[in-house]
Amino acid sequence: MPLSEHEQRLFEQIERSLAEDPKFASAVRASDPRFHARRRLLVAAGVIIAGLALLVYGAVINLPPLAVAGFIVMLASAAYAVQSQRKAQSPDLHVVGGTTSRRRPRGRSGRRPSILDRMEDRWRQRPEGHR
């Protein structure tokens, strides 16, 4: 059913006011999955640099355990960056109601949803008055 002229004008007015609202713009940006992926990559890059610094410092002061710890930090951070990049490029990532979520592929028998998936489903299905 099409909107009446009055409803159309109200809709356009709401649209204009939302477009000018900086809080709304930041909320939309914060719910964007690409924004979170970019932030995770930057954090991982910073931790890789810190791990490299530990590795070099441990090698310079001749303390092998510190150098090994720096290498492990670098390796773990690189793995985190790769995992974040894969999640960001995943086609099933989408925004729903201001939060990011993953669509579960259908038809995968034998795979039980994780506890986080079940908790997320319960959160989405809670009554509206409990927010």
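From the N terminus on, the elements of this protein run α-α-α-α-β-β-α. That gives five helices and two strands. Both are DSSP runs numbered from the N terminus: helices are H or I with at least four residues, strands are E with at least two. The model is predicted, so local features need pLDDT of at least 70 and side-chain atom pairs count only at pLDDT 80 or more, while totals for chains, interfaces and linings use all residues. Residues are numbered from 1 along each chain as its sequence is written, and side-chain values use heavy atoms, leaving out hydrogens and water.

Take the whole protein next. Its accessible surface comes to about 10,800 Å², and 62% of that belongs to carbon and sulfur atoms. Such areas come from the Shrake-Rupley method with a 1.4 Å probe; for residues, only the protein chains shown count as cover. Of the 131 residues, 15% are buried. Buried means under 20% relative accessible area, exposed means over 50%, and partly exposed lies in between (1.4 Å probe, protein chains only). Now the contacts, meaning heavy atoms within 4.5 Å. Among those between residues at least 6 apart in sequence, 41% join residues at least 24 apart.

Two residues show the detail. Ser-84 sits in helix H4, residues 64–89. Ser-84 counts as buried because its relative accessibility is 3%. Leaving aside neighbours within four places in sequence, Ser-84 contacts Ala-37, Arg-40 and Leu-41.

Ile-61 lies in the loop between helix H3 (33–60) and H4. With a relative accessible area of 40%, Ile-61 is partly exposed.
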